[in-house]
2 protein chains.
Amino acid sequence: MKESSERNVIVLCSGGMDSVVALHWAARTHTVAMVLSFHYGSKHNDREIPCAARHAAALGLAHSTLRLDFMGDCFESHLLKNGGGIPKGHYEEETMKQTVVPFRNGIMLSVAAGLAESKGTSGLVIAAHSGDHAIYPDCREDFMRAMADAIRLGTYAEIALIRPFIDRSKADIARLGHELGVDFSDTWSCYVGGDIHCGECGTCVERREAFELAGVPDPTHYLNAPPLPPKPVAC
Amino acid sequence: MKESSERNVIVLCSGGMDSVVALHWAARTHTVAMVLSFHYGSKHNDREIPCAARHAAALGLAHSTLRLDFMGDCFESHLLKNGGGIPKGHYEEETMKQTVVPFRNGIMLSVAAGLAESKGTSGLVIAAHSGDHAIYPDCREDFMRAMADAIRLGTYAEIALIRPFIDRSKADIARLGHELGVDFSDTWSCYVGGDIHCGECGTCVERREAFELAGVPDPTHYLNAPPLPPKPVAC
């Protein structure tokens with residue numbers, strides 16, 4: 001994990017397993033001024049955000065949710081409530097492109113940067129990791145580097161975009177969270193947004209795989225948990 | 001002015017004189033899919049956005065306004081309705097820093113990039129110019145370059161951030177608008193957001209100065225139009 005000097009930070013936390021581990025990591029490494037979630041009209045926002053709020057509360061930290069209603073109203077994606085169904089299968093598959101929310105990370109990071117500057121903090125923590133989805137351009141490291149430059153150059157405080165997991169895999173994050181005592185049963189991944197995790201959408205498959213690879217118990221209740229599909233081989 | 005090959009673009013248009021000229025330029029140079037304004041809770045949004053809407057309508061173009069209510073609700077700036085008074089004087093003066101809305105350009109460009117990707121367009125036009133306010137970090141060219149990289153790298157369409165005025169001054173823009181027949185009386189600059197332009201805030205002073213330097217008639221009605229203050233000399 002990349003070390004960085006202590007800062008006063010805002011942690012972007014969706015309530016998913018990666019960002020909840022990032023929050024617990026940040027609470028030990030930095031001074032967390034605020035835990036920030038975004039409600040952008042996805043099918044699973046109402047499932048995941050309460051997890052973020054509960055982890056923040058357990059750590060004694062302030063939690064805020066900003067509404068980005070224009071995304072749900074105007075953008076097109078199967079991830080959004082106004083979009084089509086969530087495909088089953090592995091993340092790398094072409095069908096998962098339907099779930100991209102255009103420039104979602106760019107928008108969330110920009111808004112967080114503005115809020116950070118407004119609140120006098122000097123860093124943002126995001127749980128971007130090495131296994132992040134190459135099918136989504138705004139998850140790739142070259143995007144993250146450019147965005148980090150834009151945020152540093154575009155703010156008086158030269159706000160730093162801290163990516164503690166950028167050299168780590170999702171399995172590494174599961175392992176770290178286990179070491180930190182994170183209650184993974186109170187994190188949410190499933191894009192379908194039902195009562196329990198579906199077990200078969202791209203993000204459920206990725207979650208199950210991470211626990212398995214990490215050798216960490218998976219406390220999640222899945223609606224279905226068929227054998228994990230093999231990763232598609234790149235051509 | 002920088003030339004660029006024709007694209008299908010969204011034009012960011014606040015209703016100020018620079019972005020209205022950019023809109024008229026874009027309508028001749030590109031295919032304009034949408035004219036986009038943002039309502040972010042500033043004192044002058046309700047004055048300027050109707051100007052953008054009228055210019056779009058006159059050109060037969062679709063106009064949309066996206067609400068960024070979280071900025072007015074959570075950010076701190078004298079430019080916002082919840083903030084303090086707008087200072088008088090020249091833009092370069094230290095007091096004008098009170099009017100910065102943190103990372104405003106980053107946020108608006110990110111949202112526009114997401115919308116552009118969602119709507120299948122391949123470019124954004126922004127009226128950033130060489131005289132843009134060095135006191136605002138997210139108006140500087142090094143920020144714009146990094147943001148252009150982030151938008152290109154973070155979208156499937158590799159959306160281009162087109163800055164036709166980046167090598168031009170505000171006076172150049174006044175001259176170009178005059179040549180294009182832009183009705184400057186239907187553009188709004190004043191940060192105070194009263195019934196008519198105050199004539200004395202930083203953006204009114206800058207507007208008056210641009211017309212004067214360009215040798216172009218200024219059709220604006222100002223509440224007060226005292227002699228223009230000299231530009232502060234950089235130390």
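Residues are numbered from 1 along each chain as its sequence is written, while chains are lettered from A and ligands numbered from 1 in the order in which they are written. Because the model is predicted, local features require pLDDT of at least 70 and side-chain atom pairs count only at pLDDT 80 or more, whereas totals for chains, interfaces and linings use all residues.

Chain A is superposed on chain B by a rotation of 180° with 0.0 Å of shift along its axis, at an RMSD of 0.0 Å (a least-squares superposition on the C-alpha atoms of residues with pLDDT of at least 70 in both copies). The two copies are thus related as by a two-fold rotation axis. In chain A, the C-alpha nearest this axis belongs to A:Ala146, at a distance of 2.8 Å. Both copies use the same surface, in that 100% of the contact residues of chain A recur in chain B, where two residues are in contact if their C-beta atoms, placed from the backbone, lie within 7 Å.

Under this criterion, 32 residues of chain A are in contact with 33 residues of chain B. The side of chain A that touches chain B draws at least two residues from each of strand 3 (63-67), helix 3 (69-74), helix 4 (104-119) and helix 5 (141-153) of chain A; here helices (H or I, at least four residues) and strands (E, at least two) are DSSP runs, numbered from the N terminus. Helix 4 of chain A provides the largest share of that side, with 10 residues. The composition by class of the side of chain A that touches chain B is 18 nonpolar, six polar and eight charged residues, with Ala, Val, Leu, Ile, Met, Phe, Trp, Tyr, Cys and Pro taken as nonpolar, Asp, Glu, Lys and Arg as charged, and the others, Gly among them, as polar.

Within chain A, five strands form an open sheet in the order 3-2-1-4-5, with parallel pairing (two strands pair if DSSP finds at least two bridges between them). Strand 3 and strand 5 of chain A stand at the edges with a single partner strand each, so one side of each is left without a neighbour in the sheet. The twist from one strand to the next averages 30°, the angles being taken from 0 to 180 degrees between N-to-C directions of axes that are lines fitted to C-alpha atoms, for helices over the stretch in contact. Strand 4 and strand 5 of chain A pair in the parallel sense over three bridges, and A:Val125 stands opposite A:Ile162 in strand 5 of chain A. Helix 2 (residues 45-58) of chain A packs on the sheet, where it touches strand 2 (31-39) and strand 3 of chain A, and its direction makes about 165° with that of strand 2 of chain A.

In chain B, strand 2 (residues 31-39) and strand 3 (residues 63-67) run parallel and are joined by five bridges, with B:Thr65 in strand 3 of chain B as the bridge partner of B:Ser37. Strand 2, helix 2 (residues 45-58) and strand 3 of chain B together make a right-handed β-α-β unit, a crossover being right-handed if, with the strands pointing away from the viewer, the path from the first strand over the helix to the second runs clockwise. Strand 4 (residues 123-125) of chain B is joined to strand 5 of chain B by three bridges, and these two strands also run parallel; B:Leu124 stands opposite B:Leu161 in strand 5 of chain B.

Several loop residues were examined individually. A:Ala127, in the loop between strand 4 (123-125) and helix 5 of chain A, is buried, with 26 other C-beta atoms within 10 Å (buried denotes 20 or more other C-beta atoms within 10 Å of the residue's own, exposed 12 or fewer, and partly exposed the range in between, with C-beta atoms placed from the backbone). Leaving aside neighbours within four places in sequence, A:Ala127 is in contact with A:Asp18, A:Ser19, A:Val21, A:Ala22 and A:Phe165. A:Ala127 and A:Leu23 are 104 residues apart in sequence and 8.6 Å apart in space, C-alpha to C-alpha.

Although not a glycine, A:Glu158 has a positive phi of about 50°; A:Glu158 lies in the loop between helix 5 and strand 5 (160-162) of chain A and is partly exposed, with 13 other C-beta atoms within 10 Å. B:Phe103, likewise not a glycine, has a positive phi of about 55°. The position of B:Phe103 is in the loop between helix 3 (69-74) and helix 4 (104-119) of chain B, and B:Phe103 is buried, with 32 other C-beta atoms within 10 Å.
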